[in-house]
Amino acid sequence: MREVSSGHYIGWPAILRFASRIFPHSTALPLYVNLLGSCVSVVCIYLLCILLLTKETAWCSSVLFAITPTFAVDGMAAYAEPVSNTFISLAALWYIRYLYADHDTTLSEVVNWCVLALTLMLLVVIKRENVILLLMFPLLSLLGKWTRINPFPTTTKIANSFMICAAVFVCSIFSFGVFGSLMRESQEFGQFAFSAMNGVHLVP
């Protein structure tokens, strides 16, 4: 696993393997999986905006996300990025829901936390650079101070969210060799013919 280059881990191939066990094997299967993932991303954006903002903003945000080529439209390619984008959207949704949603029971809150933990682990297993989100998500715990979202998360929720992000971050660092991958990729990029130094010749 540590020798996988370009920051792609076993998450995307594992998802395709799981899908091939349910559906007949086809070269178009990755396209359909990414198409489904792009649709899930749009729904997550809508639900996320419902939690934080208004229904009108949720509709506008989800439609804008769906028609932007960089995100959902290009999701019909057989790359790891669309499904990575899906898990980013899911993780953001579960994270915000854990912090700000009004959980009826303790069981609902625990289930939300467990699903968040699983989503974060899958998120990192798909692409290496997703580990950056484990550093960014805890900052969302302070989102209520700027957006005036009520009720503000309790200290217990903030501590639990910090704990799961820190645990997954540490596991990803030691299990996947993130820094080792960065060093190997830096050596690969250093052998490219193009560099930032000669890029100035392209400027008119």
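Is Lys-127 buried or exposed? Lys-127 counts as buried, because its relative accessibility is 5% and the cut-off for buried is under 20%. Keep in mind that this is a predicted model.

Lys-127 has a partner. Its side chain meets that of Glu-81 in a salt bridge, at 3.3 Å from N to O. Side chains of opposite charge can pair when their charged atoms come close. The structure holds one salt bridge. Glu-81 sits in helix H4, whereas Lys-127 sits in the loop between helix H5 (106–126) and H6. The two residues are 46 apart, and the pair links distant parts of the chain. Glu-81 is partly exposed, because its relative accessible area of 38% falls between the limits of 20% and 50%.

The ring of Tyr-95 forms an aromatic pair with that of Phe-137. A pair of aromatic rings is described by the distance of the centres and the angle of the planes. Here the centres are 5.2 Å apart and the planes make an angle of 20°. The pair counts as stacked, because planes under 30 degrees apart are classed that way.

Next comes the largest pocket. Rolling a probe the size of a water molecule over the atoms shows where empty space is left. The largest pocket has a volume of about 350 Å³. Its lining counts 16 residues. Of these, Ile-15, Val-33, Leu-36, Gly-37 and Val-83 lie nearest the centre. Helix H1 (11–22), helix H2 (29–52) and H4 each supply at least two lining residues. H2 gives the most, with six.

Finally, turn to the surface. Trp-59, Val-63, Leu-64 and Ile-67 form a nonpolar patch there. Together they have about 440 Å² of accessible area. Leu-64 is found in helix H3, residues 55–67. Leu-64 is exposed, because its relative accessible area of 54% is over the 50% cut-off.

Technical notes. Residues numbered from 1 in each chain as written. Predicted model: local features only at pLDDT ≥ 70, side-chain atom pairs only at ≥ 80, totals over all residues. Heavy atoms only, no water. Phe/Tyr/Trp six-rings, centres within 6.5 Å; stacked < 30°, edge-to-face > 60°. Patch = residues over 30% accessible without salt bridge, like charges linked within 9 Å, V, L, I, M, F, W, Y side chains within 5 Å. Areas by Shrake-Rupley, 256 points an atom, 1.4 Å probe, with all protein chains shown as cover. Salt bridge = Lys/Arg side-chain N within 4 Å of Asp/Glu carboxyl O. Helix = DSSP H or I, 4+ residues; strand = E, 2+ residues; numbered from the N terminus. Buried < 20%, exposed > 50% of the residue type's maximum accessible area, 1.4 Å probe, protein only. 1 Å grid on protein atoms, 1.4 Å probe; cavity = no way out; pocket = protein on both sides within 12 Å on 5 of 7 lines; lining within 4 Å. Points joined across faces, edges and corners; volume = space filled by probe spheres on them.
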